Amino acid sequence: MRNGHTRTLHRLAGVLGALGLLVLTITGVALLHPEWFGPAAGSASVVAADPFVSGRLLRASPFLVEESVDDGASWRDLPCGLAPADPVALRCDPSDSGVVWLLGATELLVADDGGVVWTRVELPAAVGFDEPARDLALPSGGLPLLTTDHGAWRHADGAWHEQWRVPPSPQDGWRRWMRRLHTGHWGSPLIARLHDGVAVILLVVLVSGLVLLRRRNGNGRRP
């Protein structure tokens with residue numbers, strides 16, 4: 001009886017563990033490919049009011065920029081093919097009509113026509129997947145000040161100038177390495193495809209194992 005109970009407990013734990021790992025694997029692959037799901041409905045991340053046009057608002061969601069001219073009662077899409085996947089800040093220049101800055105975690109866009117045509121602005125070399133952008137301010141003169149977890153840069157004369165810098169700790173280095181490892185960003189683009197391949201193999205193993213276990217239990221119940 002004890003051995004029978006142990007086998008039953010072992011199989012139950014294996015099934016529960018396999019189901020949990022199956023869910024984690026599927027959702028992990030989905031997180032690696034946010035483009036599969038397109039724009040998220042009702043998930044506006046950042047919003048800004050036009051200081052020169054009464055009632056006009058702009059808001060940015062993942063892969064989407066929208067405009068309202070009635071204080072947010074209704075919205076229409078703006079044709080922004082460069083819209084960032086992770087919007088961080090949206091700023092209208094209070095000193096220059098029509099200039100709008102849109103900051104993503106790893107990209108920066110600017111428009112001088114209120115947000116109709118956007119141009120990509122190169123970020124400082126230190127800003128990227130390992131150290132994403134966190135916020136954007138427009139001090140006097142309308143020149144953007146960009147911040148990350150460890151530093152800040154001011155854009156002037158067509159270049160970025162470091163304002164302050166706090167070196168990351170060793171713990172930050174380990175967190176960065178683990179994040180890169182689990183998201184497939186620790187090497188060439190081929191590494192991301194390798195992650196997809198490993199995930200597919202793992203899914204096949206898990207699903208086939210559950211099917212085989214079900215067949216075995218079914219055969220065991222036959223007289």
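**View 1. Strands β6 and β7 run antiparallel and are joined by 4 bridges.** In this predicted model, β6 covers residues 100-104 and β7 covers residues 108-111. Look for L103 here: this leucine stands opposite L108 in β7.

**View 2. Strands β5, β6, β7 and β8 form an open sheet.** Stepping back from the previous pair, we find 4 strands in the order β5-β6-β7-β8, with antiparallel pairing. Which strands lie at the edges? They are β5, spanning 87-92, and β8, spanning 119-121, and each of them pairs on one side only. On average, neighbouring strands of this sheet are turned by 25° against each other, with direction ignored.

**View 3. The charged end of R59 sits over the ring of W75.** What about pairs of aromatic rings? Such a pair is described by the distance of the centres and the angle of the planes. With ring centres required to lie within 6.5 Å, the count comes to 0 aromatic pairs.

**View 4. T147 is a buried residue in strand β10.** The strand itself takes in residues 145-147. Why is T147 called buried? Its relative accessible area is 19%, and the term applies under 20%, so T147 counts as buried. Which residues does T147 touch, leaving aside those up to four places away in sequence? The contacts are A133, R134 and D135, together with A152 and W164.

Key. Residues are numbered from 1 along each chain as its sequence is written. This is a predicted model: local features need pLDDT of at least 70, side-chain atom pairs count only at pLDDT 80 or more; totals for chains, interfaces and linings use all residues. Side-chain values use heavy atoms; hydrogens and water are left out. Rings of Phe, Tyr and Trp (its six-membered ring) pair if their centres lie within 6.5 Å; planes under 30 degrees apart count as stacked, over 60 as edge-to-face and the rest as tilted. A charge sits over a ring if NZ of Lys or CZ of Arg is within 6 Å of the ring centre and within 35 degrees of the ring normal. Two strands pair if DSSP finds at least two bridges between them. Helices (H or I, at least four residues) and strands (E, at least two) are DSSP runs, numbered from the N terminus. Axes are lines fitted to C-alpha atoms, for helices over the stretch in contact, and angles run from 0 to 180 degrees between N-to-C directions. Buried means under 20% relative accessible area, exposed over 50%, partly exposed in between (1.4 Å probe, protein chains only). Contact means heavy atoms within 4.5 Å.
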